[in-house]
Amino acid sequence: MASRKDHLGRPVVAVTGIGIVTSLGVGKKDNWEALTAGRSGIHPITRFPVDHLNTTIAGTIDFLTSSSMGAAALTYELAETAALEAVDEAGFRGVDFDGPLFLAAPPVELGWADRLELYRKTKDGAGYDRLLASARGLNSLDLFESTQFGSIADRLSEKLGARGLPITLSTACASGATAIQLGVEAIRRGECERAISIGADGSATEEALIRFSLLSALSTNNEIPEKASKPFSRDRDGFVLAEGGAALVLESLEAAEARGAEILGILSGCGEHADDFHRTRSKPDGSPAIAAVRAALADAGFDTGRIDYVNAHGTSTPENDKMEHLSLASVFGERMRKIPISSNKSMIGHTLSAAGAVEAAFSLMTMREGVIPPTINYDQPDPAIELDVVPNTKREASVSAVLSNSFGFGGQNTCLVMAREPN
Amino acid sequence: MTAHDVVITGIGLVSSLGVGVDAHWSALTATEPKPVIDSTRYAPYTVHPLPEIDWNQQIAKRGDQRQMETWQRLGTYTAGLALDDAGIKGDEALCASMDMIIAAGGGERDENVDSLILAASETRSDTGVLLNEKLTTELRPTLFLAQLSNLLAGNISIVHKVIGSSRTFMGEEGAGVSAVETAAARIRSGQSTHLLLGGAFQTEHHDMLLGQELGGYLHRAPWQPVWNRQGAEGGGLITGSGAAFLVLESRGHAEKRGRTPYAVVSKVASGNARRNKGDYAEAVTRLIGSLDRPAKESLLISAASGTHLPTAAEKVALDADATLAYRGLTSLTGHLKEAQFPFAVALAAMAIKNHAPYPAFASGEKAYSGQTDSVLATAVGYHRFEGAALLTAA
């Protein structure tokens with residue numbers, strides 16, 4: 001029997017449930033089929049007018065009930081949809097989950113539709129004084145809840161029967177990975193036998209798009225939306241804003257085996273390191289990302305030779321892909337040219353707060369299915385980035401351990417190491 | 001006593017009462033502590049405004065200051081106070097290996113741009129196009145970063161070089177509770193040796209007030225202590241601008257550095273009791289009961305918000321225990337949202353270190369002249385979540 005303690009004597013953490021929603025569809029099955037077929041979920045924006053915008057495409061999720069109901073409502077539905085799939089698979093359908101809940105979610109604000117409607121409710125005064133006057137006349141908590149950062153996790157916690165005060169977190173584009181890391185750490189501390197880690201982001205609003213656009217972060221390849229996200233390509237010009245959600249049920253291997261649960265993979269190691277260089281740019285020598293990768297490997301007790309595949313952060317911005325290559329080449333040396341690495345974002349775009357969780361879920365499926373999803377739109381390789389990006393077509397391969405990277409604004413770098421089986 | 005005990009070795013505080021630990025201690029131990037309030041600028045709301053702050057003291061580069069709005073500046077500044085107090089600031093190696101958990105809300109929106117759009121919406125029916133038109137031309141790119149929740153932590157990394165790890169918790173008072181609870185658990189288990197945590201809130205901004213008024217929570221009558229707002233106009237919440245940061249450390253790590261701690265964080269408890277079901281006062285009693293405090297009279301620092309239902313329930317719970325003498329810090333600082341619990345924990349730690357209790361913060365709070373070798377802290381959220389901690393002498 002596999003050891004139930006890791007190299008540092010801590011409980012081994014298994015994954016027993018996975019749920020995914022992306023612009024490719026709802027659920028693991030549809031997502032995996034589309035992802036391995038190299039299909040893109042990126043499309044022209046229809047949620048709001050695109051007049052005056054430089055970027056008119058996104059990976060918005062337009063097929064859920066809450067898709068047009070604002071960022072808070074959609075983020076909740078994405079989180080709930082993914083979480084229910086994960087707890088169902090783990091075998092906790094219809095019973096209290098009874099473990100802590102960690103939610104990676106975008107900071108939410110009162111949406112513009114609501115802000116404008118609130119403004120119209122009163123006729124006296126102007127600006128915020130008028131909004132405040134209208135707010136005093138509300139007799140429902142719906143708008144209030146849409147501005148409370150604890151509200152989504154609280155609702156989820158009640159729905160799932162999770163234990164205790166649910167934690168909502170943001171580490172920007174690394175949030176999903178941080179949610180998983182917090183779950184792993186809680187199990188290792190012996191606080192719980194299981195935890196649910198969720199990443200969800202339904203915040204592709206006009207304002208979010210414009211804000212990222214003002215930072216020159218977004219692709220403006222609007223003509224053929226499905227070809228806009230081209231990680232590691234020479235002509236990459238920014239990321240594609242997208243929405244999504246994913247959930248993992250994490251469980252001590254011992255508890256999972258004791259109840260006869262199917263083990264979908266092992267969360268072997270988590271590593272992070274903050275960057276003190278700049279608010280949006282990485283330190284030129286890549287040292288924080290390098291430190292995060294090394295910390296994840298060390299936490300897993302793996303040497304670099306154990307990694308068979310890298311699930312890249314691969315945003316398709318000029319800066320990220322260059323930096324990610326530099327960091328990986330520094331850690332893995334010459335071997336990095338031969339390790340397959342692909343970016344799910346080439347198909348689903350950048351799901352921001354959800355990305356780390358979505359990509360961890362896909363990493364686990366990659367190992368289980370023995371199929372590496374491709375990096376699509378790889379038509380013009382960047383000669384400065386020598387990587388085997390699994391170009392354009394999926395590849396069958398036996399993958400026993402994966403490194404998944406997440407890097408975000410504010411100097412956030414979080415890496416996860418996952419394995420197909422316990423040691 | 002073990003090397004993995006969680007000790008507090010640094011505190012940074014800012015509120016309307018002043019800047020730093022000493023200013024707060026002297027304001028809070030005055031014979032009759034008095035709040036600093038402003039009831040005109042945001043009338044009908046009262047706020048506890050920021051004191052005078054020389055940002056240069058903790059954020060040396062003007063360029064860094066310009067990248068932030070007041071919320072992030074306030075947090076970064078107060079984090080610096082805590083690092084200074086712990087003797088860690090400027091120690092490159094200690095900062096590089098230091099973990100960080102920030103309890104954050106959002107930063108300030110650009111009120112001018114918002115008001116411009118709202119005004120224009122009165123004469124335009126194509127509001128979607130209007131939004132794009134105005135937002136693309138009027139928003140300042142840097143302001144987006146000033147609004148991002150995790151960029152308070154990002155700025156602390158840049159300014160103070162704390163880069164061991166960086167996590168931002170969100171969720172109003174609960175984020176502050178989870179920050180303290182998670183930090184303590186990490187240190188106790190050996191996952192962390194030294195850690196910076198805290199939160200900041202800048203209430204002097206209409207959008208921040210709006211967030212709370214959407215729930216009808218702001219108090220609109222003349223200022224009253226936090227326990228005495230039931231039945232008055234509005235929802236009982238009087239907000240303040242301020243911040244609280246703590247340096248938590250394992251006892252072993254602190255001893256090796258030769259630091260004398262303020263106090264030990266003996267136990268932290270958190271809860272998510274359903275307020276619409278059952279007796280909420282009982283839930284608060286159970287939460288405090290779960291701290292296993294010594295069976296003797298104790299001081300308790302409460303971060304009660306003033307919102308009617310939860311504050312009344314907390315008062316019932318506290319009044320029912322004759323061994324507790326409580327102090328509602330929010331009467332004097334205003335409600336500091338994510339910083340509420342770290343602030344309460346800081347005040348508890350200061351009473352332990354100084355071997356002295358606080359006088360009543362408001363009429364109705366009973367006198368206490370007993371020992372302060374174990375002091376409690378509570379934060380019952382204004383809308384959801386609750387937390388409590390037991391601090392003991394180091």
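Between domain 1 and domain 2 of chain B, five residue pairs are in polar contact, both residues at pLDDT 80 or more. A polar contact is a pair of N or O atoms within 3.5 Å; within protein, one must be able to donate a hydrogen and the other to accept it, and residues adjacent in sequence count only if both atoms are side-chain atoms. The side of domain 1 of chain B that touches domain 2 of chain B has no nonpolar, four polar and four charged residues. Here Asp, Glu, Lys and Arg count as charged, Ala, Val, Leu, Ile, Met, Phe, Trp, Tyr, Cys and Pro as nonpolar, and the others, Gly among them, as polar.

This is a predicted model: local features need pLDDT of at least 70, side-chain atom pairs count only at pLDDT 80 or more, and totals for chains, interfaces and linings use all residues. Residues are numbered from 1 along each chain, chains are lettered from A, and side-chain values use heavy atoms.

The rule finds one salt bridge across this interface. A salt bridge is a side-chain nitrogen of Lys or Arg within 4 Å of a carboxyl oxygen of Asp or Glu. Asp114(B) and Arg109(B) form a salt bridge through their side chains (2.8 Å, N to O).

The domain bounds come from an automatic or database domain assignment.

| Part of chain B | Residues |
|---|---|
| domain 1 | 6–109 + 147–392 |
| domain 2 | 111–143 |

The C-alpha centres of domain 1 and domain 2 of chain B are 36 Å apart. Eight residues of domain 1 of chain B are in contact with five of domain 2 of chain B, where contact means heavy atoms within 4.5 Å.
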